[in-house]
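Good morning. I will take a few minutes to go through one structure, and I will start with a single chain before turning to how the chains meet. Please have a look at it first.

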Amino acid sequence: MATPKRPLSPFMIGPYYRPQITSMLSIAHRATGVVNALGVLAMAWWLVALAAGGDTYARFAAVADSLPGRVALFGFAATLVYHLLNGMRHLFWDAGLGFEIPQVYRSGYAVIALAAVLTAALWYVGARIGGAA
Amino acid sequence: MSRLRHPWAVARGLGSAKEGVAHWWAQRVSAGALLFLVPWFVVTVVGLLGVDAENARATLASPLNATLMLAFVLAVTWHARLGLQVVIEDYIHTPWLEVALQLAVKFAYALAAIASVLAIGRIAFTA
């Protein structure tokens, strides 16, 4: 079949559109979802190491409690929290709420701000109740 | 009604697989559970940083923590597997590669769930 010459809608990423919070947060939802899915495999590794206990867990804990380990865990916490908050946005949309463009922008900025606040708050509470500060 | 479909389309029998709604709902129901379980999980894991194996096991072995960790593991492996399935469907269009990746994801998250459940059981019953 011959391809007719007709105007095509350009892809949302690239030189054609300015970055928009709508598309950027949507991509971030997917990206954080994939990162979280990889983090889930790390979680399984952690639980298996903890069940083994002893030296096995000591070796795992040494990596997890190192600076790179903590940075990775903080990043995982941040992607979990972002995906959770933006997921709530999606659940409201599923219910037919918040579709007006000003509402979409407001909820988008709210998700970014709340993700930063909630990640920091959860980390703070965890560090307070835990042995490590 | 069938008059509106081309006989070829009827013969091929393709069209809706009629099971997308179950996937869609499972994704949302697991999301609802994770709204509560994720904050608990983050606080608990951060709290266990720098804690030795014996004390970490004792913490997770408490009935409440063991129950919530099991719930988190089951909800999050299910949610992750459903989500990755959609990502692969959207971006991978090479048939053999798509099937291989879909199977790999199913197996990987089934194994992760089984290993995690067994680990939580060992911790809960022996700590």
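Reading chain A from the N terminus, the elements run α-α-α-α. That is four helices and zero strands. Keep in mind that this is a predicted model.

Let me begin with the overall form of chain A. What radius of gyration does chain A have, and what would a compact globule of 133 residues have? The globule would come out near 14 Å, while chain A has 20 Å. The C-alpha trace of chain A spans about 65 × 40 × 30 Å along its principal axes. Of the 133 residues in chain A, 28% are buried. If we take the contacts in chain A between residues at least 6 apart in sequence, 69% of them join residues at least 24 apart.

Now to the packing of helices. Two packed helices are described by the angle between their axes and the distance between the axes.

On the helix 1 side of chain A, the contact is made by Trp46(A), Ala49(A), Leu50(A) and Ala52(A), and on the helix 2 side by Gly54(A), Thr56(A), Tyr57(A) and Phe60(A). By class, this contact has six nonpolar residues, two polar and no charged.

Next comes helix 4 of chain A, residues 101-129. Here the axes of helix 1 and helix 4 of chain A are 10 Å apart, and the angle is about 45°. At that angle, helix 1 of chain A is oblique to helix 4 of chain A. Their crossing is left-handed. Ile21(A), Thr22(A) and Leu25(A) of helix 1 meet Val104(A), Tyr105(A), Gly108(A) and Val111(A) of helix 4 of chain A. The classes in this contact are five nonpolar, two polar and no charged.

The third partner belongs to another chain. Helix 1 of chain A covers residues 21-52, and its axis comes within 8 Å of the axis of helix 5 of chain B, residues 95-126, with a crossing of roughly 30°. Why are these two helices called roughly parallel? Angles under 35 degrees count as roughly parallel, so helix 1 of chain A and helix 5 of chain B qualify. Helix 1 of chain A passes helix 5 of chain B in a left-handed crossing. Among the residues in contact are Val40(A), Leu41(A) and Ala44(A) from helix 1 of chain A, and Ala108(B), Ser116(B) and Arg122(B) from helix 5 of chain B. By class, there are 13 nonpolar residues, one polar and one charged.

Finally, the whole contact between the two chains. How many residues does each chain bring? There are 34 from chain A and 32 from chain B. On the chain B side, helix 2, helix 3, helix 4 and helix 5 each supply at least two residues. Helix 2 of chain B gives the most, with ten residues. The side of chain B that touches chain A has 24 nonpolar, five polar and three charged residues.

That is where I will stop.

Notes
Residues are numbered from 1 along each chain as its sequence is written. Chains are lettered from A and ligands numbered from 1 in the order in which they are written. This is a predicted model: local features need pLDDT of at least 70, side-chain atom pairs count only at pLDDT 80 or more; totals for chains, interfaces and linings use all residues. Axes are lines fitted to C-alpha atoms, for helices over the stretch in contact, and angles run from 0 to 180 degrees between N-to-C directions. Angles under 35 degrees count as roughly parallel, over 145 as roughly antiparallel, 65 to 115 as roughly perpendicular and the rest as oblique. A crossing is left-handed if the near helix is turned anticlockwise from the far one by less than a right angle, and right-handed if clockwise. Two residues are in contact if their C-beta atoms, placed from the backbone, lie within 7 Å. Ala, Val, Leu, Ile, Met, Phe, Trp, Tyr, Cys and Pro count as nonpolar, Asp, Glu, Lys and Arg as charged, and the others, Gly among them, as polar. The radius of gyration is taken over C-alpha atoms; the globule rule is 2.2 Å times the number of residues to the power 0.38. A residue is buried if 20 or more other C-beta atoms lie within 10 Å of its own, exposed if 12 or fewer, and partly exposed in between; C-beta atoms are placed from the backbone.
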